[in-house]
Amino acid sequence: MEGLVRRELQSQIDELRKKHSGLAVISETDTEVIVAGKLPFEASADGLETITGSFDVEIRIPTDYPEQLPQAKEIGNQIDSNYEHRYPDGTLCLAVPIEERRVFAQQPTLLGFFDRLVIPYLYGYSFWKKHGYHPFDEAEHGYEGILRHYMDSLQLKDEVAALRVICFLFEYGYRGHHDCPCGSGRRVRVCHGQRLRALHDYHTTQTRQMDFVAILNNCLKKIDDGSLQIPDALRIQILRILGKCKS
Amino acid sequence: MTIDTKTFSHFLEQVASEIDIPPGKYQQAVERYQGVGRWLEEGTYPECTGDLSIYPQGSFRLGTVVKPIRDGVEASYDIDLVCELPLQKSRTTPQSVKSMVGSRLRENGTYAKLLDPEGRRCWTLEYAEQEGVGFHMDVLPAIPDPRGLLDTAIAITDKSESNYSWSASNPRGYGEWFDGKNQAAFSLAVTEQKQRIQRNESLIFASVDEVPDQLVRTPLQRAIQLMKRHRDLHFNDHASNGYAPISIIITTLAAHLYENELDVYSALSGIVNKLRAHAALVEGRSIDHSLATRGLIQRRTDGTWYIGNPVGPDENFADRWHEDNHARARAFFQWAEALQQDVLHVLNMEDPRVLKEHLSRTLGASAVTKHLGLIAPPSQPQDVPRIHIAEPAKPWRDW
């Protein structure tokens, strides 16, 4: 199986390089393949100016790609060190994990990773540098950003609903005939069916667990100070899931 | 400009999947033929004790379906379905078997409307589908006719004028033979391909286990698909149409000649080269000894041709090759030569525009154009890559 997956990876690398010829495989080890080089681009977005830029980038592709997505870094010291969406070591925080997976799913190849995640990020940075605000908005930091993603994309009324949704995804995946975890009282398939299906498809075991922890964490604070109540059934479900989570 | 074979192989793989049946359409086809199967199974047939056996044959069974092109336009998919009735040959007649199946189909109001006039061997149902191309389903009435070791062999009916006779066939046996040739490559490809299909079609297949084996494509199957598509376009004009190599010949020879090459390009070029190596037979000359011993294509002393059915050597697929001054034989080798030039030799084409035009003409513009970027970079000097951003993610920070 190793050999064939490597071949598929090679096809993706070849496809990537045909468009972005400044990139090349820099090294290959047992744990990852590193592709790096110059990334010039001209990017446009509806209603916004076209930006031409060039960055030196590096991506590390893990052996379990695409179960785990590559880490992208800007290695030319062009991005301001105070830019918030970047680790001290240069790794770019492209998006909330579930959103990263959603976008990747539209074109699940290395070329898709660059054209739909890395370049839009660099476009966003260039725009921010020039105008002082983000063209595509920013997600809140940390767990709050994850919670907000669920609340906004499913238009949930409160955090308890978000908690119910992530617990539902965790325990059931997708069940059209269940009551929708948003709390509407309707069945999933006539309520948030499509979006839940999509979330279920995009999630990996890792992202699902992370999102569960994130949303729960957000809720715990409010539960502690009494501003949020969760029903017993949900409390029991949470304990059940915690039992299944790997630490 | 020379393209490296790895890139070209990837391109061929992509083109082949464009001309393949999409998984959603495949599922639709399965639903259609299972529906027909259920209807036939529930019928009562005089003298029949026991269950009917209904199964696909041909390209649906072998995983070599291509979108057919007739007169330059996409036509319906061909589904071939065998309907075996549990009757003994000595206790029935071909006419009776044929008409029992026809009557049963006609008993269903829906099928009666889709039914074509009686065919030589089968009954045809024409499905026009709302979305995309339709299906052309050939239902082949048959009875078991085990012969010695060929226990899957069947007897089918053949109508000529008003006379019905028996004919021999063994689609199950052939399917098993083909699977044997495909097995090694299949085992290597199955897991990764099923995962990819499930990822891309998650609305159809909730899990990898639901993806049928028939949707996996080995380099052998891809090579056969490309050969069939090339044949369809090559023989598109009516003059030479009747002499086009039949799919069973293409499939059988390809399967014999496949040597478990790992990519489409190597598989195709291996097969085509060995086919071309038989061309000397047309002029009555001898060919390479090792190929001659395999006897895949033979020229007999009386000048006629032989390509044996691997599961029933009595059957000669090339039994019409000598007609009209060996028209079909000549057409076959000319086509093999064209395959070499059109699909394999293009690697050495200097001018990218000529390359694009050539591949479009020989494999079909719609299948090729989408993937040309893989092998023919833009003709201007390297432009800055252009990206249009739609539905981007919001940047984040996890602390």
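**Surface, confidence and ring contacts in the predicted model**

Chain B exposes about 18500 Å², of which carbon and sulfur atoms supply 47%, the accessible areas coming from the Shrake-Rupley method with a 1.4 Å probe and, for residues, with only the protein chains shown counted as cover. The model is a predicted one, in which local features need pLDDT of at least 70 and side-chain atom pairs count only at pLDDT 80 or more, while totals for chains, interfaces and linings use all residues; side-chain values use heavy atoms, with hydrogens and water left out. Residues are numbered from 1 along each chain as its sequence is written, and chains are lettered from A and ligands numbered from 1 in the order in which they are written.

The model scores ipTM 0.84 and pTM 0.59. For chain B the pLDDT (the predictor's confidence in each residue, from 0 to 100) averages 89, and 95% of the residues score at least 70. Within chain B, confidence is highest in helix H9 (residues 247–257), at a mean of 97, and lowest in helix H8 (residues 238–241), at 67. Where pLDDT is low, the predicted coordinates should not be read in detail.

The secondary structure of chain B comprises 14 helices and 13 strands, helices (H or I, at least four residues) and strands (E, at least two) being DSSP runs numbered from the N terminus. Of its 399 residues, 53% count as buried, where buried means under 20% relative accessible area, exposed over 50% and partly exposed in between (1.4 Å probe, protein chains only). Among contacts in chain B (heavy atoms within 4.5 Å) between residues at least 6 apart in sequence, 63% join residues at least 24 apart.

Over all chains, 24 aromatic pairs are found; rings of Phe, Tyr and Trp (its six-membered ring) pair if their centres lie within 6.5 Å, and planes under 30 degrees apart count as stacked, over 60 as edge-to-face and the rest as tilted. The rings of Tyr83(A) and Tyr125(A), with centres 4.8 Å apart and planes at 80°, are therefore edge-to-face. This pair links distant parts of the chain, 42 residues apart, with Tyr83(A) in the loop between strand S4 (71–74) and helix H2 (97–106) of chain A and Tyr125(A) in helix H3 (residues 110–131) of chain A. Tyr83(A) is buried at a relative accessible area of 2%, and Tyr125(A) is buried at 3%.

In chain B, Trp305(B) and Trp321(B) form an edge-to-face pair, at 5.6 Å centre to centre and 65° between the planes. Trp305(B) lies in strand S10 (residues 305–306) of chain B and Trp321(B) in the loop between strand S12 (312–316) and helix H12 (323–344) of chain B, so the pair ties together parts that are 16 residues apart in sequence. Both Trp305(B) and Trp321(B) are buried.

A charge sits over a ring if NZ of Lys or CZ of Arg is within 6 Å of the ring centre and within 35 degrees of the ring normal. Under this criterion, the charged end of Arg104(B) sits over the ring of Trp39(B), 3.5 Å from its centre, and Lys98(B) lies over the face of Trp123(B), at 5.3 Å from the ring centre.

Ser9(B), placed in helix H1 (residues 5–19) of chain B, is buried, with a relative accessible area of 6%. Apart from its neighbours within four places in sequence, Ser9(B) is in contact with Asp263(B), Val264(B) and Tyr265(B).
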